[in-house]
Amino acid sequence: MKKISTVAVIGAGVMGRQIALNAAASGFETVLADSFPDACDKAKAWADSYIAGRVEKGKMKKDVAEAALDHIIYTESIKEAVSGRDLIIEAIIEDEGIKRDLFLQVDNKAPKDAIIATNSSYIPSSRFAGDIENPGRLCNLHYFNPAMLMKLVEIVRGEHTDESTVESLKAFVPALGKEYIVVNKEIDGFVVNRLLRAVQNEAFFLYRNGIASFNDIDTGAEKGLNYPMGPFRLLDLTGIDICYMNRLAVYEKTGRPEDEPPEFLKEKYEKGEFGKKAGKGWYDYRTGGETNA
């Protein structure tokens, strides 16, 4: 079993920056990399602001906060990011071709015994097994948004994944202050997103047939089922674009009418109404609060 002490996260977007800060705040020497010039600057500004807010609210001591920020560095260089790292986590756009290009780079530049993980919520690591020398060190390590707060991580074992890789990650995840579940076989959506999709499908049915508004469906889930947020509000948080693209990929694969993304989801995708990150989705966040869109 490989002991993980150093971490690289590739992709400084909403998920990547949180995954990196979580590792740094847990004492791991962490590098966050992104090839886009402004991405690392924005991620650093976010991390500084987030940690300052935790200190101000009394949720983190000042010395712990300073240590967390000291444990993370930022770079535009993939080579610099992965050099000497024990664990490399990919957290870039959900595009298989772009991910493949990255894995080829990582495989050429990273230590040959480094564990390589994808945070993808739907694309299984087996798609990239042929791009990695010794694919036994490859798997999905799926965090949930917001990754700084959500307590669960899915460790997804592909047929190519060595047991030692799984064991290493089973030791790593609790050190982050999180819990893990092990998904023993690759399956579309893994465990949590399959459960979520079932709820989502029913919410879409209720909305599409005019049985209730999206707001009332959310209220029903939150107040009647004690969900922290309803399915439409959760879509705004995780990204309507990601949901649409994943559902479209399933439909293109199966061709089944029931798998086709609903028209109202397609309309929001085409308008760029991706949710909270875009300022508008099912709800409108452009005033700094939340109102019905």
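Me: What needs pLDDT of at least 70 here?
Reply: Local features do, this being a predicted model, while side-chain atom pairs count only at pLDDT 80 or more and totals for chains, interfaces and linings use all residues. Residues are numbered from 1 along each chain as its sequence is written, and side-chain values use heavy atoms, without hydrogens and water.

Me: At what angle do helix 2 and helix 3 pack?
Reply: About 165 degrees, with the axes 9 Å apart; helix 2 is residues 37-56 and helix 3 is residues 62-70. The two are therefore roughly antiparallel (angles over 145 degrees).

Me: Which residues make the contact?
Reply: Ala47, Asp48, Ile51 and Val55 of helix 2 meet Lys62, Ala65, Ala68 and Leu69 of helix 3, contact meaning heavy atoms within 4.5 Å. They divide into 6 nonpolar, no polar and 2 charged.

Me: Switching to Asp86. Buried or exposed?
Reply: Buried, at 14% relative accessible area (buried is under 20%, exposed over 50%, with a 1.4 Å probe and protein chains only). Asp86 sits in the loop between helix 4 and strand 4, and its contacts beyond four places in sequence include Lys2, Ser5 and Ile115.

Me: How many aromatic pairs in the whole structure?
Reply: The search finds 16, a pair being rings with centres within 6.5 Å. In one of them, Phe214 and Tyr283 have ring centres 5.2 Å apart and planes at 80 degrees, so that pair is edge-to-face (over 60 degrees).

Me: Where are those two in the chain?
Reply: Phe214 is in helix 8 and Tyr283 in strand 9, 69 residues apart. Phe214 is buried at 12%, and Tyr283 is buried at 1%.

Key: Axes are lines fitted to C-alpha atoms, for helices over the stretch in contact, and angles run from 0 to 180 degrees between N-to-C directions. Helices (H or I, at least four residues) and strands (E, at least two) are DSSP runs, numbered from the N terminus. Angles under 35 degrees count as roughly parallel, over 145 as roughly antiparallel, 65 to 115 as roughly perpendicular and the rest as oblique. Ala, Val, Leu, Ile, Met, Phe, Trp, Tyr, Cys and Pro count as nonpolar, Asp, Glu, Lys and Arg as charged, and the others, Gly among them, as polar. Rings of Phe, Tyr and Trp (its six-membered ring) pair if their centres lie within 6.5 Å; planes under 30 degrees apart count as stacked, over 60 as edge-to-face and the rest as tilted.
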